[in-house]
Number of protein chains: 2
Amino acid sequence: MVDAKNQPSVPHVVIVGGGFGGLYAAQSLGKAPVKLTLIDKRNFHLFQPLLYQVATGSLSPADISSPLRLVLNQNKNTQVLLDHVKDIDPDRQQLTLDNRTLSYDTLILATGVKHHYFGNDQWQNIAPGLKTIEDALLMRRRIYGAFEAAEKETDPEKQKAWLTFVIVGGGPTGVELAGAIAELAHSVLKNDFHHINTTSAQILLLEGVDRILPPYAPELSIRAEEDLTQLGVRVQTQTLVTQVTDSSVTVRQGEKENVIPARTILWAAGVKASSLGKVLNQKTGVALDRAGRVRVEENLSIPGYPNIFVIGDLANFSHQGEQPLPGIAPVAMQQGKYVAQWIKQELRGQTHSPFRYTEVGSLAVIGQNAAVVDLGWIKLTGFIAWLTWVFAHIYYLIEFDNKLVVMVQWGWNYLTSGRGARLITGEDSLPKGVMSNE
Amino acid sequence: MVDAKNQPSVPHVVIVGGGFGGLYAAQSLGKAPVKLTLIDKRNFHLFQPLLYQVATGSLSPADISSPLRLVLNQNKNTQVLLDHVKDIDPDRQQLTLDNRTLSYDTLILATGVKHHYFGNDQWQNIAPGLKTIEDALLMRRRIYGAFEAAEKETDPEKQKAWLTFVIVGGGPTGVELAGAIAELAHSVLKNDFHHINTTSAQILLLEGVDRILPPYAPELSIRAEEDLTQLGVRVQTQTLVTQVTDSSVTVRQGEKENVIPARTILWAAGVKASSLGKVLNQKTGVALDRAGRVRVEENLSIPGYPNIFVIGDLANFSHQGEQPLPGIAPVAMQQGKYVAQWIKQELRGQTHSPFRYTEVGSLAVIGQNAAVVDLGWIKLTGFIAWLTWVFAHIYYLIEFDNKLVVMVQWGWNYLTSGRGARLITGEDSLPKGVMSNE
């Protein structure tokens, strides 16, 4: 294949964001007669569904990350650019990057979402969310640091606050974090401390609506709550968080307000669209939804600009029913592939069909041997669901990068109940109280 | 075994530092009739000989780290304390920690060494050394960030400076870093960039004396230099560094001074003892050597204080010939075991012999399939030496923590020439020029 960068005649497709949507689009265009540029702020694709395992010390960052250049280096038409997109000029078809501009013929925006604290951005430093590797390592420091601080604390009240872990948000991430922390406290760490009994730790999972995993079938929500309770998690539904400080969280259940002393508060409650959605809205007038997601056409482009596509978590696609498609990896992957296909059809002068999402189901893992899987036509729980979850994730992981190591690590963790990656690293952010001057 | 913490009559042994010396001492005392406290600033033992593989993206931090609580949780007499030792009172037999004091009957200091810039501490931020996980991740950011910056740079001179890697110091760490970076540039990354040819990168290894690996047999130094040259490293001996800036290094060879434009300068040149050596000197009058190491007695205690032992890199043990024992893992391990044995003999009223180091050889790896091994009675090079190196390291790694994953990762890297752990993480320290505002 001829190197496309020397052929100014082929169209230039620019993809912003190397998540599931952007990467699948890039891979599907790898042999197409286009010049392709993938822009990301980071030099790796992150397998976000397993980020909670980095946060809880089962996996290392590299286990769930694939270097973008490595994944794409077989595609001669593709270049990877480590850069920020600061602005979009849709009429000139130009992006403003850090120190330069870049022209495009077709633009695919796939920059995803970030945490949302519902107007309480000051909670961000206290109650970290889980979107990046750095977030995960911060959570890891907080979690393991809390056990260390409890071990050194002599005041029983303060010790109890160190051993109270509050997870805000009962979606899949919240459920997975709560289950993993419960396993730490009740099994992995139980022989490792002298002054504390880690099994006395309280793990609270707070959810605003009346059940956890609200998008799943109700019977799966019930089963997930049972499984979590068995692991030692206290699930509180219809509970709203009204205040967060570095040593407590205030919750409201109906009329009752309650202050829970807790030193580790983890945020799994909400997301909002990346800021490029807003830029696009200002420049093209495209509508955004309440979470800042871009309302896209049936072919994932935006009104009036058929050469600008928005995919993945950043897109609000509501043409398939009443609800927008959920912000999950399979949606982003299918959208990435669809847009790549659309571009190839266009180059060949072929006709298009609108995007249709093929349901592949929802999965959430609760602990070793326990998960819930909703495939639509069948609902699984317990060990079978857990096995399904394991194989689904390994399948996607090895698709990119042959992450053999993850399988071995999982096998090993499974046999030993180990958490080998429980390092507290990054010198600046141990919880106060663990170390005075580190 | 009865939990020793409830028996105030047993002696309290305090070990400071969970490196090779401290951890081996702790393990050897795990069943002894003592109360044992191991203090470390970090919650993990670090397998430092492989730290360069974290720096160059072959392994993840957790692959070469073992949680101290996990390693020691079978020893009921042992507690692990995450703390700083700020001061020592040898007459009261007391340590000052962060927020409390701790009494000991016997003290084992094993806090090792840190980088030494020979009076040029301002170079520290420019030319990072390699002692901690954070150091390794910083080096990784610098190395991979430099290739990214070169890819974006349009000025050929500046691009060349980004593609020039200078390693200061031709000991094992310097040799290993230089070899690994050369492999990155000449093989691993060579298909991953569009605008630069990574094989044009210059890797310079600078050494002050007349050969690299000075403590090894001269023929091994020659072979190591040949192997490095073949990999694409330029070795410059009898070369002193006189100035380091963020874009150049100034070197002197004889009378000639020379400024080399380079954006990545890595420090593998010198170490000095941890600051507890100085505290001990002030409080006990014990002699230090030029590097700040504590001159110990034949049984590794210090003069006048038979209950204070100093082991590992922090100790200068010169009773076996003219040269002090080198600062390598086998010395520390043997010293840790010796002191544990000494304490157990003392408790039983048995007699002691002075410490004697059993030579186990020196190893340095140069690249895939190339290493030099000096076992004293035999010298190995090439593939056989590399195999020896691999098995020696795996042997020690699995001794603690069954690091099966490292074997799989190595096997995988070997077959694929991959560097899966080449993530640029930690948002604040990308080299200037890669990203304006990250």
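**Reading the model, feature by feature**

Reply: Phe118(B) is placed in the loop between strand S10 (113–115) and helix H4 (133–152) of chain B. Please bear in mind throughout that this is a predicted model.

Me: What is the phi of Phe118(B)?

Reply: Although Phe118(B) is not a glycine, its phi is positive, at about 50 degrees. A second case is Leu300(A), a residue other than glycine with a positive phi near 75 degrees. Leu300(A) belongs to the loop between strand S19 (294–295) and strand S20 (301–302) of chain A.

Me: Is Leu300(A) buried or exposed?

Reply: The cut-off for a buried residue is a relative accessible area under 20%. Leu300(A) has a relative accessible area of 0%, so it is buried.

Me: How should I read a pair of strands, and how many bridges join S23 and S24 of chain A?

Reply: In general, the strands of a sheet pair through backbone hydrogen bonds, in either a parallel or an antiparallel manner. Here, strand S23 (residues 362–367) and strand S24 (residues 370–374) of chain A run antiparallel and are joined by 5 bridges. Opposite Ser362(A) stands Asp374(A) in S24(A). The hairpin of S23(A) and S24(A) has 2 residues between the strands, and Asn369(A) in this hairpin adopts a positive phi near 80 degrees.

Me: Which strands form the open sheet in chain B, and in what order?

Reply: The sheet has 4 strands in the order S13-S12-S11-S17 of chain B, with parallel pairing. Its edges are strand S13 (233–236) and strand S17 (264–267), each of which pairs on one side only. On average, neighbouring strands of this sheet are turned by 20 degrees against each other, direction ignored. Within the sheet, strand S11 (residues 164–168) of chain B pairs with S17(B) over 4 bridges in the parallel sense, and Ile167(B) stands opposite Leu266(B) in S17(B).

Me: Which helices pack on this sheet?

Reply: H6(B) lies across S11, S12 (202–206), S13 and S17 of chain B, and runs at about 175 degrees to S12(B). Helix H7 (residues 218–231) of chain B also packs on the sheet, where it touches S12 and S13. The direction of H7(B) makes about 140 degrees with that of S13(B).

Me: Where does Glu176(B) lie, and which residues does it contact?

Reply: Glu176(B) is part of helix H6 (residues 172–188) of chain B. Its relative accessibility is 8%, so Glu176(B) counts as buried. Beyond its neighbours within four places in sequence, the contacts of Glu176(B) include Pro49(B), Tyr52(B) and Trp389(B). Val365(B) is also among them, and the side chain of Glu176(B) reaches the backbone nitrogen of Val365(B) at 3.1 Å.

Me: How many residues does helix H4 of chain A have, and how far does it reach?

Reply: Helix H4 (residues 133–152) of chain A has 20 residues and spans 28 Å from its first C-alpha to its last, close to the 28 Å expected at 1.5 Å a residue. Of its 20 residues, 20 are buried, so H4(A) is largely enclosed by the rest of the structure.

Me: At what angle do H4(A) and H6(A) pack?

Reply: H4(A) and helix H6 (residues 172–188) of chain A pack at about 30 degrees, and their axes are 12 Å apart. The crossing is right-handed. Among the residues that meet are Met139(A) and Phe147(A) from H4(A), and Leu177(A) and Ala185(A) from H6(A).

Note on methods
Residues are numbered from 1 along each chain as its sequence is written. Chains are lettered from A and ligands numbered from 1 in the order in which they are written. This is a predicted model: local features need pLDDT of at least 70, side-chain atom pairs count only at pLDDT 80 or more; totals for chains, interfaces and linings use all residues. Side-chain values use heavy atoms; hydrogens and water are left out. Two strands pair if DSSP finds at least two bridges between them. The expected span of a helix is 1.5 Å times one less than its number of residues. Buried means under 20% relative accessible area, exposed over 50%, partly exposed in between (1.4 Å probe, protein chains only). Contact means heavy atoms within 4.5 Å. A polar contact is a pair of N or O atoms within 3.5 Å; within protein, one must be able to donate a hydrogen and the other to accept it, and residues adjacent in sequence count only if both atoms are side-chain atoms. Axes are lines fitted to C-alpha atoms, for helices over the stretch in contact, and angles run from 0 to 180 degrees between N-to-C directions. A crossing is left-handed if the near helix is turned anticlockwise from the far one by less than a right angle, and right-handed if clockwise.
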